[in-house]
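Hi everyone, thanks for coming. I'd like to walk you through one model today, starting with how its two sides meet. Have a look at this.

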Amino acid sequence: MIVGNRKDFKEILEKLGSRRRVLVLGCNECVTVCGVGGEREVGVLSAELRLYWKKEGETFEVREHTLERQCDYEYIDQIRGFADEYDVILSMACGAGVQYVAEAYKTKLVLPAVNTTFLGVTIEQGVWSERCQGCGNCILDMTGGICPIARCSKSLLNGPCGGSSGGKCEIDNETDCAWQLIVDRLKESGQMERYEEILPVKDWRTGREGGPRKRVREDLRL
Amino acid sequence: MRLSYPSNVKVVKLPCTGRVDVLLILRAFESGVDGVYVAGCMEGECHFLRGNLRARRRVEYVKGLLEEVGLGGGRVEMFNMSASQGQLFAQFAREMTERIRSLGPSPVNKNVKREA
Ligand code: SF4
Ligand code: SF4
C-alpha cells in the first residue's frame, strides 16, 4: 500500500491562511489502512480545526467527507454537488489523490494534508515499513524476494557494503541490512548460487529516471 | 462505601477503557468540557488484557493533539485503579478537578456564556 504521514497541524493552518470554509476530504483506500487519511483521520483533523477556530473565536465551516478513492474520476465526481460551497479542499489522500482532485476541480484550491512517503507493508498494527520503489523492472527473483533498491540504504545491486554489521545497516542499528537479509534468505531457500551472479548495472529508464510513466492496456479501454 | 467526589465530574460508562478512542475524547472537548480523564483498571489486570494499556497510548496521543490546537495536553489524563479502590477513584476525581480548575475553563468556551 501507499504509506504517508499527517502533516503538522501548524503547517496545515499556515497553508489554509484566512480560509475558513474547508472541505476535509478522505480516501478509503491505502491511507485508511495506514491510519493517515481515512474517515477516522478526517474526523480527527476536522475536530482539531474546529477546536482551534472555536478557541480563536472565529466563524468557520468544516465538512467531513471520505471518498471510496481519490485516484478515480468517478468517485471524485461525487463531491461536485457541494465542493463549490467551500474555499478549499483539504485532501487527506496520497499525492496522486490530491492531484487528481485538483485536476477535477480546476478553479478550487486543493491542499495536501498528508506527506506521502513510501510503498510498503504493515509490520504490525500501527507499524509500516518500506518495500518497493516502483523501479519498473523487478529483480526480486534474483535477490531472494527482498528488494535491494528500496531496502538497502545505498540501493546496492551487489552488496553488502562494508558498513553491514551484525545484520544491521550502517545508517542506524534499527535498520536491517537488506543484503544480510538477502544472503540469509538465499541460504534458507537453497539459492546461494544466485549470490555468485553479479547483477549488471541497472537500466533506470524504466523507473522515475526515465520521466513520468504511463500505462495503457488497449484491451481494457472503452 | 459512601464516598463523595466533585459533582462537576460527569461519568461516561464504558465496558473497558479499550473502547476509548481518540475521536471520543476530541468530541467531548468539542462539546465544551474543560478536561477529560480516563479511569482504567490497574495495568496488568485488564479483563481484555491490553485495553487499559491501549487507552493510555490514546490519551498520550490526544495530549499531543490538544497541544497542537492550543488547549494544552494537561486537560486530558489517564488514571489506573481497581474496582475495589473507591477511595482512589474519589481522590483522582479531586486531583483532576483541581488541575482543571487551575488551568481554567477550556478556551474553546471563552465565547460561550457560562453559568456562574
Ligand atoms: S526491484 Fe523494483 S519493482 Fe521490484 S520490489 Fe524493488 S523497487 Fe519494486
Ligand atoms: S549496510 Fe547493508 S543495507 Fe546498509 S547500505 Fe550497506 S549493504 Fe545497504
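For what follows, a salt bridge is a side-chain nitrogen of Lys or Arg within 4 Å of a carboxyl oxygen of Asp or Glu. Bear in mind that this is a predicted model, where local features need pLDDT of at least 70 and side-chain atom pairs count only at pLDDT 80 or more, while totals for chains, interfaces and linings use all residues. Residues are numbered from 1 along each chain as its sequence is written, chains are lettered from A and ligands numbered from 1 in the order in which they are written, and side-chain values use heavy atoms, with hydrogens and water left out.

So, how many salt bridges does the rule find across the interface of chain A and chain B? It finds three. In one, the side chains of B:Glu30 and A:Arg50 meet at 2.5 Å, N to O. Those two also belong to a network of salt bridges with A:Glu64 and B:Arg27. Another salt bridge pairs A:Arg6 with B:Glu68, with 3.9 Å between the closest N and O atoms. This pair runs from strand E1 (residues 2–6) of chain A to helix H2 (residues 51–69) of chain B; helices (H or I, at least four residues) and strands (E, at least two) are DSSP runs, numbered from the N terminus. A:Arg6 is partly exposed at 21% relative accessibility, and B:Glu68 is partly exposed too, at 34%. Here buried means under 20% relative accessible area, exposed over 50%, and partly exposed in between (1.4 Å probe, protein chains only).

Now the interface as a whole. In contact (heavy atoms within 4.5 Å) are 15 residues of chain A and 18 residues of chain B. The chains bury about 1,400 Å² between them, 58% of it on carbon and sulfur atoms; that is the accessible area (1.4 Å probe) that two parts lose on being put together, summed over both.

On to the nonpolar core, a set of buried Ala, Val, Leu, Ile, Met, Phe, Trp, Tyr and Cys residues joined through side-chain atoms within 4.5 Å. The largest has 45 residues, and B:Leu26 is one of those touching the most other members, along with A:Leu16 and A:Leu45, among others. H3(A) gives the most to this core, with seven residues. Which residues does B:Leu26 touch? Leaving out residues up to four places away in sequence, they include A:Val44, A:Ala47 and A:Leu51, as well as B:Val62.
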